[in-house]
Amino acid sequence: MPVKTKKAAAKKEVSSSQNSKSMAVPKLKFNTGWEYAPAPESASHIKLKDRYDLFINGKFVKPSSGKYFETINPATEQRLSEVAEANAADVDKAVKAARNASDRYWKKMPAKERAKYIYRISRMIQERAREFAVIETLDGGKTIRESRDIDVPLAANHFFYYAGWADKLEYAFPNRNPQPLGVAGQIIPWNFPLLMAAWKIAPALATGNTVVLKPAETTPLTALKLAEIIQESGLPEGVVNIITGFGETGAMMVNHPGVDKIAFTGSTEVGKIIQRAVAGTDKKLTLELGGKAANIIFDDAPLDQAVEGIINGIYFNQGHVCCAGSRLFVQESVYNTVLRKLKDRIKTLIVGDPLDKNTDIGAINSRSQLDIINKYIEIGKKEGAEFFQSGCNLPNKGFFCRPILFTNVAQSNRIAQEEIFGPVLAIQTFRTDEEVIEKANNTPYGLSAGVWTDKGSKIFNLTTKMRAGVVWANTYNKFDPTSPFGGYKESGYGREGGLHGLSAYTTL
Amino acid sequence: MDFRLIQHFNPFFTVVKQNRNMAKALEKNSNITISENGIEQPVSNKRLEVLKTYKIYIGGQFPRTESGRYYVATNSKGEQLANVCLSSRKDFRDAVVAARSAFKGWAARAAFNRGQILYRIAEMLEGRKAQFIEELISQDVSKAQAQKEVLTSIDRLIWYAGWCDKFQQIFGTVNPVASSHFNFSVPEPTGVVAAIAPQDTSLLGLVSVIAPIIAGGNTCIVLASESKPLCSITFAEVINSSDVPGGVVNILTGRVSELATQFASHMDVNAVVYCGEDANVQKDLQTKGATNVKRVIVHKNINWFGEQGQSPYFILDTEEIKTTWHPIESIGGGGGGY
């Protein structure tokens, strides 16, 4: 009996390797025979209010429109709460509160005291880290593993890092006396809701600016929880204002004459609209926009590590990552091996309940984003690329998408040119360094890139030639408060994080 | 057709007329006598001065504008100084092609080498001081001011030459990330930069705009002062004899009103620098610049003679910060390696 099974397995192995015309690559074993028992993170300690108002001038206030909109859990499609929709009057109120706070307290406060407030916010996020992680997962659909280990700690660390800059700014800008800009209007996306709020608020406060922040309409809850922390921290009223709403609310902020600075993270399309909107004004603008990063695998790369890097590069956070390694370039001589390993690995990824600690890929953030992803899948198929998707079970409700890869992709295909913002990988091959440099840079974007090779000098040849703001060599999707992040070309301008992140909020 | 009409529309006729006027203006400055019919009168056996044709500078060459158009540069008395190319958008597009193809090589030059080349430009300018002073004077700049402008321009080039291999050390960082990675950020050139030079300080402004752009490894297309265009072309000759590879600096003469829009909307230009105070031009550049998310840098009311006129932060205006990550192996299960 055991002999028979072994034979059958061996037979199957041969036929599959003949099919893929590859060298005999041993199939990787990921213990797929094991069933994972459900390991859901408890959400019972989470208390969400039935309704959230706008956080203006240190208080939660009702929107002047009286309108609210629902925010749902994308994994269950169930209502979590409802949040206020800010209109022009609310935006005006928030901007005036920020201006008043800037003039009355924040600019005048000794920098070391400013620092202590920011430190305090960081500490309070750490104290309530578990709560933030669960809410982030409930509201946005990302896996609890990521919100617990990445989003929330990085957000707290970001505040901690920039707190320390507040009274050291003159060291950051040699021969200059940096001054705050005034009121910063900040618009953030739904893929890293709390982390993006931290990326925006922390450097703005450290440099002495006051803030009006608008979180994305599908993920407002952690920003509003942050507002609670800000209230508890005793930060002077009006220094940080958080208003919720849709794109129109954001547009009102951008166009408000009382705003001195706009910081936007989101799509390139909206980024261009904002750049046009502030044209002719003296508003300072930084943009962190889309990407279509190349992840390049050379034949001398440690392939098993590279495969993990590819997986992390594109399927991290359901692929809702502006710096996702969505274009994979594999050197021809290892293409079959890499593809085989990649397919094996994809089959093991668990898609499902984001609160389950075993889940690798959570829920797609919204129905509309799922529609966009599905649209691109159809486009990819129509353009002639070969489609491959894992076959795991999906929950009955909620917005889910199994990991996808396309092979036989042409440089001109839309799935190789346009940002999809989902778990869709487009794979191309190359022969020489020159060829892959040319192909990797042949995109209007320039946010990030990945290079995998064992050869140090080749790494630096490649990283130097990538026209992209962040380049990961033999790793991917790593973030740190000390590390500047931001794009070349149509991926935007300005940096967030590190010393360089300060200049977005200062005048010299 | 009426003969007068033919005369009126005959471009050759117009050129002859203007050349005669120009010669008259030059006569004052160079003691040459020219008769009514345009033929030199050998008053005192003086040789006839050879006039320079002011052409534009694209890809290391001096072509005329492809459009064949020109405008007349005059001084404040209305005296004609030269026929200057009225560059077209096609000239600009050609210049962008030249700048783009030169970018790869220029950015790849050793920073030290770029410094030497900028220093070389200063050397060449020093040797031709007199010519620039004379040209500035002919364009209504007082003698003292002209001297000051030329000397400051030379010093400015030396200043930026020194920055070529230093700004990276001031503005680059090694970032102490919390994970086991080596992480560093360095400035890199943004690419092709289109710049509109200041109107008043036609040499110093031009130098002050070009130097930080190329010091940082970018290539550029610069629109010279519209009202005082002469020095820009003479400066192109200086650049052309300074080991600056063709296409790194391209200089056009023409109208801001005509070319600004082209600068902002060209899809292969990465950044636009505007030196001026016209709110409409600024708005136009910023609006159209959004087409491909250009970096739009505006220098308003800058006194180019002062300390305000030079800054390593101007280099940073057309730089991108690139951050590189690489894992660090932790031998022996981590801990101190000492």
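Five bridges tie strand 7 (residues 183-187) of chain A to strand 8 (residues 210-214) of chain A, and the two strands run parallel. Keep in mind as you look around that this is a predicted model.

Let's stay with that pair for a moment. If you find A:Gly185 in the structure, you'll see A:Val212 of strand 8 of chain A standing opposite. Is strand 7 of chain A buried or exposed? Five of its five residues are buried, so strand 7 of chain A is largely enclosed by the rest of the structure. In a regular strand, side chains alternate between the two faces of the sheet. Here both faces are covered: A:Val183, A:Gly185 and A:Ile187 are buried on one side, and A:Ala184 and A:Gln186 are buried on the other.

**A sheet in chain A**

Chain A also has an open sheet of three strands, in the order 1-5-4, with mixed pairing. Its edge strands are strand 1 (51-52) and strand 4 (68-73) of chain A, and each of them pairs on one side only. Strand 4 of chain A pairs with strand 5 (residues 78-84) of chain A in the antiparallel sense, over six bridges. To spot this pairing, look for A:Thr71, whose bridge partner in strand 5 of chain A is A:Ser81.

Now for some helices. Here are two pairs, one from each chain.

| Helix pair | Axis distance | Crossing angle |
|---|---|---|
| Helix 10 (residues 256-265) and helix 11 (residues 279-289) of chain B | within 7 Å | roughly 25° |
| Helix 11 (residues 303-315) and helix 12 (residues 335-348) of chain A | 10 Å | about 55° |

The angle of roughly 25° makes helix 10 of chain B roughly parallel to helix 11 of chain B, because angles under 35 degrees count that way. This crossing is right-handed. By class, the contact has six nonpolar, three polar and two charged residues. Among those on the helix 10 side are B:Val256, B:Ala260 and B:Phe263, and the helix 11 side includes B:Val281, B:Leu285 and B:Lys288.

In chain A, the angle of about 55° makes helix 11 oblique to helix 12. Helix 11 of chain A passes helix 12 of chain A in a right-handed crossing. On one side of the contact you'll find A:Leu303, A:Asp304, A:Val307, A:Ile310 and A:Ile311, which meet A:Thr337, A:Val338, A:Lys341, A:Leu342 and A:Arg345 on the other.

**Where the chains meet**

How many residues of chain B are in contact with chain A? There are 29, and they touch 36 residues of chain A. On the chain B side, the elements that give two or more residues are strand 4 (181-189), helix 11 and strand 10 (319-327). Strand 10 of chain B gives the most, with eight residues. By class, this side of chain B has 11 nonpolar, 14 polar and four charged residues.

Strand 10 of chain B also pairs across to the other chain: strand 18 (residues 470-473) of chain A runs parallel to it over three bridges. One landmark here is A:Val470, whose bridge partner in strand 10 of chain B is B:Thr323.

**One last stop**

Finish at B:Ala108, in helix 3 (residues 89-108) of chain B. Why does B:Ala108 count as exposed? The reason is that B:Ala108 has 11 C-beta neighbours inside 10 Å, and a residue is exposed if the number is 12 or fewer. B:Ala108 and B:Gly217 are 109 residues apart in sequence, yet 7.8 Å apart in space, C-alpha to C-alpha.

Note on methods
Residues numbered from 1 in each chain as written. Chains lettered and ligands numbered in written order. Predicted model: local features only at pLDDT ≥ 70, side-chain atom pairs only at ≥ 80, totals over all residues. Axes fitted to C-alpha atoms, helices over the stretch in contact; angles between N-to-C directions. Helix = DSSP H or I, 4+ residues; strand = E, 2+ residues; numbered from the N terminus. Parallel < 35°, antiparallel > 145°, perpendicular 65-115°, else oblique. Left-handed = near helix turned anticlockwise from the far one by under 90°. Contact = placed C-beta atoms within 7 Å. Nonpolar A, V, L, I, M, F, W, Y, C, P; charged D, E, K, R; others polar. Pairing = 2+ DSSP bridges. Buried ≥ 20, exposed ≤ 12 C-beta atoms within 10 Å, placed from the backbone.
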